[in-house]
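Look over the chain from end to end before reading on. The paragraphs below go from the overall fold to single pairs of side chains.

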Amino acid sequence: LALLLFLLCAGTAEATHLMGGDITWECRPNGKYRFTLVLYRDCGGISLPTSSQTLGTNCGTAITCNYVTTVDVVPSCYTGTTSCAGATSGSGKMQKYIYRSGDVQLTGTPPASGWYFTWSSCCRPTSISNINSPSSASYLLRAVMYPYTPAGSTSPLTATTGGNPTCFDNSPNFLEDPQVISCTGVDGVYNNLSYDPDLDSLYYDWSYPWSATSFSSNPASNSVNFASGYTYNNPMPSTGSSTGADINNETGEITFNSAVAGSWATCVKIEEWRCGQLIGEIYRDIPIVTVACTP
């Protein structure tokens, strides 16, 4: 019984160190795709694995991402340090773990609903304030690649032409790590600073943080269970002296002012448009943390 209790406690501690992540892809000169999985861990929790991670997908090709490196993501303006050392859980201090695939040859054409790429794990940190029973909520990170039909063509581009791999798109990516820590009662302004190597048009919006093990074409069906007063597009305190979080659909800038300290689960969706066609979506599932402090 003592051993069982120890194992259960150890499992709980291990399950609540993950803070979120994102999935992106790039078009390589050889016509193949390279995928990057980024995971963020709470500096106050145990380390994430450095073993290879597998993406779930419906494209018919196995995608394995190998561990590359770990980087501290700690905004010194609010914490006074750039290091994870000595951090406590729920403070917003994170480490970024990067996993990357080799060059992957995809075959065929994405269906109208797209090729999806996912990664799942249990569980969300107990410090999350806007989800019911957060430690019982899991993660399902995702990205979607849609077909693209060039102007003048009657059919979408394929990932293989004449037996040779041909990729037609780089996903959007991020120039900014999610260093989202703010003092309570302060006007917070944050931008993921997304960019697109192909200069495709980007559109930003809130989406559902997913608690699931498989992809769904209905985003709401995989949503975490938000606590009363919160929704996927109203993820932070918005009553009393708080101003709810808002996202600018054109620039991606997020603004908020929370009078309440907490850790607020959010998910930002970035749509990629080319010639009026939606050709890709990436998602960053990461909490915004507000703490009782003086800027």
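What share of the contacts in the protein chain with a separation of 6 or more comes from residues 24 or more positions apart? In this predicted model, such residues account for 69% of those contacts. The chain is built from two helices and 18 strands.

The overall dimensions come next. The C-alpha atoms fill a box of roughly 60 × 50 × 35 Å along the principal axes. A compact globule with 295 residues would have a radius of gyration near 19 Å, and the 20 Å of this chain agrees with that. Of the 295 residues, 48% are buried. The chain exposes about 12,600 Å², and 51% of that area is supplied by carbon and sulfur atoms.

Now to the charges. The chain carries 12 positive and 21 negative side chains, with the centres of the two sets 8 Å apart. Side chains of opposite charge can pair when their charged atoms come close. The count of salt bridges here is ten.

One of them joins Asp103 and Arg28, at 3.1 Å from N to O. Asp103 sits in the loop between strand 5 and strand 6, and Arg28 in the loop between strand 1 and strand 2, so the pair ties together parts that are 75 residues apart in sequence. Asp103 is partly exposed at 34% relative accessibility, and Arg28 is partly exposed at 23%.

Another salt bridge links Lys96 and Asp177, at 2.9 Å from N to O. Lys96 belongs to strand 5 and Asp177 to the loop between strand 10 and strand 11, so this pair connects parts 81 residues apart in sequence. Lys96 counts as buried because its relative accessibility is 14%, under the 20% cut-off.

How values were computed:
Residues are numbered from 1 along each chain as its sequence is written. This is a predicted model: local features need pLDDT of at least 70, side-chain atom pairs count only at pLDDT 80 or more; totals for chains, interfaces and linings use all residues. Side-chain values use heavy atoms; hydrogens and water are left out. Helices (H or I, at least four residues) and strands (E, at least two) are DSSP runs, numbered from the N terminus. The radius of gyration is taken over C-alpha atoms; the globule rule is 2.2 Å times the number of residues to the power 0.38. Buried means under 20% relative accessible area, exposed over 50%, partly exposed in between (1.4 Å probe, protein chains only). Contact means heavy atoms within 4.5 Å. Accessible areas come from the Shrake-Rupley method with a 1.4 Å probe; for residues, only the protein chains shown count as cover. Lys and Arg count as positive and Asp and Glu as negative; His and the chain ends are not counted. The place of a charge is taken as NZ of Lys, CZ of Arg, CG of Asp or CD of Glu. A salt bridge is a side-chain nitrogen of Lys or Arg within 4 Å of a carboxyl oxygen of Asp or Glu.
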